[in-house]
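Okay, thanks for coming, everyone. Let me put the structure up and we'll walk through a couple of spots together.

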Amino acid sequence: MSELATAATAGHTERSGSLWADAWRELYRNPVFVVASVVVLIVMSWAVFPTLWTSTGTDGGTCELVDSRLGPSSEHIFGTTFQGCDMYSHVINGARPSIIIAVLVTLATTLIGVALGVIAGFYGGWLDTVLSRITDVFLGLPFLLGALVFLALLGEQNIWTVSAVLVVLSWPPITRIMRGSVIQVKALDYVEAARALGASNMSIIFRHILPNSIAPVIVLATLYLGGFVSAEATLTFLGVGLQIPEISWGITVAQGQDYAIAGYPHLLIFPCAALIITVLAFIVMGDAMRDALDPRGR
Amino acid sequence: MGRYVLRRLLQFIPVLLGTMFLLHYLQTVSIQINGNPITALFGDRQPPPQTLAAITTAFGLDDPCLQQTGNPCLGMFLDRMSGYTQGDFGVDFNRQPITRLIADAAPVTVRLTIIAVLFESLVGILAGVVAGIRKNGFADNFIRLSTTLVISVPVFVLGVLVQIGSGLYVGVWLRDNGAPEWLSAAFSVTYQTDHPWASLLVPGVVLGAFSLGFIARLTRTSLIETLRADYVRTARAKGLSRRRVVGIHALRNSLIPVVTYIGIDLGALMGGALVTEGIFNIPGVGGLVFGSVAAGETPVIIAVVTMLTLVFLLASLLVDVLYAVLDPRIRYE
Amino acid sequence: MGRRTTRRLLVGLATIAMFATACSGSDDEASTDTDSGSDTASGGSFSLALGSDPSFLAPTAQCYESTCSQVLSMLYTGLLSIDPETNEQILGDAESIDSPDGKVWTVKLKPDLKFHNGEPVDADAYVRAWNYSAYGPNATQTGFFFSPVEGYDDVAPAEGDPTAKEMSGLKVVDDQTIEITLSEAFSQWPLVMSYTPAFAPLSQECEQDLEACNEKPIGTGPYMMDGAWQHNKSITVAKWDDYTGPNSASADGIEFRLYSDPKTAFRDWQAGEVDMLDTVDPSQVPQAQALAGERFLSVDSGSFNYLGIPFYVEELQNVDIRRALSMAIDRQTIVDQVLNGLATPASDVIAPFVTGSRDDACQYCEYDPEAAKTLFDEAGGIEDNTVEIWFNNDGGHEDWVQAVAEGWKNDLGLEYSLESQPFTPYLKTLEEEGVGGPYRLGWLPDYPSAENYLDPLYGEGSSNYGQWAGPEHDAFLATIEEADAEASAEAAVPIYQEAADIVLSDLPVFPLWYGQTSIVYAENLDNVVYDPLQQIKLGDVTVS
Amino acid sequence: MSATQDIKPADTVGIGREASEKQSRKEAARSDALGFDPSAPLLEVEDLHVEFRTREGVAHAINGASFSLSEGETLGILGESGSGKSVTAQAIMGILDSPPAFVTGGQVRLRGVDLLTLPEESRRLVRADRVAMVFQDALSSLNPVFTVGHQLAEPFRIHRGYSKQEARKEAASLLDLVGIPAASGRVHDYPHQFSGGMRQRVMIAMALALDPDVLIADEPTTALDVTVQAQIMKLLADLQAERNMGLILITHDMGVVADVADKICVMYAGRIVERADVHSTYGNPAHPYTKALLESIPRVDLKGQQLATIEGLPPNLTRLPDGCSFEPRCSWARERCRVDDPPLYDVGAGRQSACHYYEEVLGS
């Protein structure tokens, strides 16, 4: 495995400053990336400033049970939900948990993964052995089943516990890749040169190793963002994700699915479309970044 | 190679022990925090204390350490381990031996996984090759877009839509028009015991759909890179046909990362099948663990999840071995 | 599965208790139809979708949930059952059940009854089973059914090891006669014994090897196992030709198909893969009605759903607040919109199919937002103007709980917060008096008696999680005691109604609705009758 | 694969061989039917144009290259990297990556047949069979995941329809031919198990497999030690003499060309700027660029002096200047050079130079 991770990251490492500059130039000239970024920015604004988009406030507005499951109309352009709330408001407000979870978990896993990957890869020895075995334990846990076990233990299910569990299950691949990447960069001539010039470990790590080994992790992290949006929905569907009265896409989709087939398609279509487009945008961004950061793919 | 495999196998031991202890500890803490899972067996009724105590004792949940939050209950763990060494893996709350539960569930999930892996590899690699050799053409864009879309749709939505489409429309039509039984079974709504392979085809496709996208994209990228390699130019200079250049010289090199992914995915599929299994009513491993987690059946959770971890480890070992077979430059000492 | 399975599971779990009661189902009309019924349209076979793999088939004493009791109702005749329409006792294996004083009961069995393997079903077979059930170390789930029997504490003491293996209250008088001595008079005892799994007989062969018997039970009923139990897949039973008992068996065979998700089962029914469903998911009810028409049935299940009130929460100690909250629940709209009509708004704390239930007993169950608001304001409202509602999040309750909360918000101007946990920690929280507001629970009786809707919920040592106490509670306990001591079940009914009135006035719980279950079946089936105790009378179903 | 073949019992070998032969013959095809005229000149390249269409614009990689080659003759193509040498070779072979590369004009005539107009399938038959190529970096040019035996046998199996055994026997004798010791044992080895020089020998063996009429060697010795370089060059020269092939030797190393080439083409910015026999060029270059190249070779007799270098960089091929491409770096450059692109002037004795002031250059 570690051999594979090393091999998989091969070739990312020679360039540094110019790599990032080149990548950026490549990206902003890529129309697909630009469109995806705009979508992500819009969804982010739903999450951060929902009141810009809807007048019903962040709790989804007043819900009248007698208005349950109405189809789209001028008053409710996306129709109403099961509880008779405005679906449009739910779609906008539902972005918040998804985005918080996606961003939070991605940041945390990247930090943990990079830190542990650098420690294992740079120092090696017994530290590497112990860390690698611990990584194996968590890597081997099947994702969904692991999440089930952890969330069932916590008993309480909200944005923070779901995020925590996703972090626990998602750091190992990043650690793996980072470790491989670091091992490779460590062996390069300029690191040897820096060492020969008497640079401290810390300065070698931060000045030479990190900038040159982090590219594959950045790419994976972008793909993770989309993955966690999906994961929230799936965990909610399985009954161990977010709970009402929280408004989230996962809850709305899981609830809407039951009724979509029974003649209320708008209960599924609108929240699901929001979810799919967001995930799609994150994946497309990740793809474009990979292409940009890996000139061989051009 | 032999020594390498042996060394890797030895490394499994601490990982598996770690997994088992982790799960044990989680379950222990879970009981300490959430309470005795036996109480839930009686629903809203409060069972008489002696009934509750008797059942709690029968399932070994009467250890006083379960009352002390944070206590790792090492004694219970050691008992369990020594039980394992004697082939005793415990029972669930229905007193079914876990070995039997696994023996029932695992073959179904293995079949499902085989179908999913075959589907995602064959179709994924094919799509990746088509996209790769026509880079930026219509086929490439179409394949990239459709596979990304499939990745973006939550599996529980995709699964139900496919189930309705294939089961209620195609399947019923086939049966009404006198299609052979195995064929209509292939498009049945749920798993059918009489057709253990045919009725898993559609669920296998749903299960493999997610990875299919990754494999297609991985193959594409890898192939595009390989096609630029000097040895591909050499092959063309030798007057080989395009099919032979792509199919033999480039593909074999491109497949190395793809095989890596498929191998790792093998373990993930076995453990990740629970949503698909649920939708298609497949009595597999995912549903087994899912039910056990909800009920708090610790022995089932530990045994099955550890088994899945072992599958994952073996799959990654297999990948590394295969890696050396595919690429003669790699030597494991 | 997913969300649904979780629910199912929870239902599966929750049910167990609730549920169980069921049993009976099988016999019922037997007495009237006896032999003739089975002769007319016999033959054919059909399949029934069940919502989960049964927990146990043997020993039957481990069966305390609906799927196993549905299967066992085909495999066993039972001592007696209760006619769901008339509430009359229908005798099965028993020829008579009598008591002079409600304390000593004599059960006489019919002669020449046989197990499927040829063993005689005699007094020994019954007593053997009951002693096995009650014996503490056997850890059966229905052992507590025997707690009224004299000597139960010796075989299952609350503390320490049992001092006896058999209950002193059980006597085999002769092959056909059993004498049961209870520690106190209990008018409802015959109704208790109608829960077949807890009281079914045990063959010697089965006792020798319970594990083998669990895979292929040896019963006494009109159907016997056809092959072993295919766990998580199917159970098939076939008509037993030597059956002499009263229960009907129209079809030649029945296949129980095991599903993890009722929605999947419904699609399989749509595709014609399974003939009958014992549960239709609420979201599929409109579809089921459209597709099945007459072949869609929706019947009271006997379950009683309520919001319990924690008396240790100060704001809820005011009875007017409780009454106001109860009146501000629009039960009918919630039933229509959220539950798709699959429930009946509650008018009593006793479900309708039980003798003693009334349709106008609960005056605070009528939706009256204005009166509620007035009463609520007069009583001074609630501190912080916020109410917590507690529920378990793995049983599919979130939708209606939220609807109740929204109603309070709209009608009383109350803010709400929803607090949820999975079932096990939820029970622990209830037990530890940890909830901060009304909590949801449901009840399915163990046996069709008004008593079973009262004592287990509000009595001493019961599921009185809300710690209802005070003079009203004392009056309630006294009334129950009085009713229990009556010599006959019938005479006790009006007294139980008095007890119910105390509950409905003081409101330790808000009655919400009685559950309904729905079934659909295929065109080639007929004579599908549903028993409110959640059992389809499968023996009566005819196949064409 | 080879192993399974070897351990098959005798009778199954027969069957297997029959089947595999059938299969191979079906694939086998020869270039004989394409109408080559044995009396026509071996290879004539005329006014070849190649451009690369990229996102940054169209790069004019080759702008009207012409030269010819006859049997037993060695043509050296000289130039800096990026001057279009390798592109010319790949255009002749027909293995340019298209897109982005497109041949936009000219002819490549082999024995009178214009290869550029042949359909791809016929073109494929010419490769390796009539025209073969040796690449510069043998390690990356050999497929790492196949044995050298497999790779050597491929031309025989594809073009000649040999059975596996026959092809492998040929492969072994080829290895022997290029001087690899214990050849029959080494067919089972992978490229990474060979040393650099040995790998280049394998490349040469592969190119020679079908006894081609023209061999193109693209910097065959760049990656090798000097001593090995000489061995490889000698091997190439010997094989050429023995087989009377036409050899195109592409290199940036004037020293290598001097020893083996008969004629020389000097390329700059996609054009041939000087064409002559090797002695005249070395003795007295007719183009400033050639002159500059020669002066940049270290020479023992000039030890101690500053080595000459060519100032500046080659032009951007997407924006070639109107005038002479070499003008910005040329010490002879005048105003005319900036606007007037020089044609190939005949400088006598079969020599051409693309310089308006070749006479001055020759005279210097």
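So, leaving aside its neighbours within four places in sequence, which residues is W400(C) in contact with? They are L307(C), I334(C), V338(C), L339(C), R440(C), L512(C) and W513(C), where contact means heavy atoms within 4.5 Å.

Quick caveats: this is a predicted model, with local features needing pLDDT of at least 70, side-chain atom pairs counting only at pLDDT 80 or more, and totals for chains, interfaces and linings using all residues. Residues are numbered from 1 along each chain as written, chains are lettered from A and ligands numbered from 1 in the order written, and side-chain values use heavy atoms, without hydrogens or water.

Now the other part, chains B and C. Here 47 residues of chain B are in contact with 59 of chain C. The area buried between them is about 4300 Å², with 55% from carbon and sulfur atoms; that's accessible area (1.4 Å probe) lost on putting the two parts together, summed over both. D44(B), R45(B) and Q46(B) supply 18% of what chain B buries against chain C, more than any other three residues.

How many salt bridges cross this interface of chain B and chain C? The rule finds 2, taking a side-chain nitrogen of Lys or Arg within 4 Å of a carboxyl oxygen of Asp or Glu. R175(B) forms one with E273(C), and the closest N and O atoms there are 3.7 Å apart.
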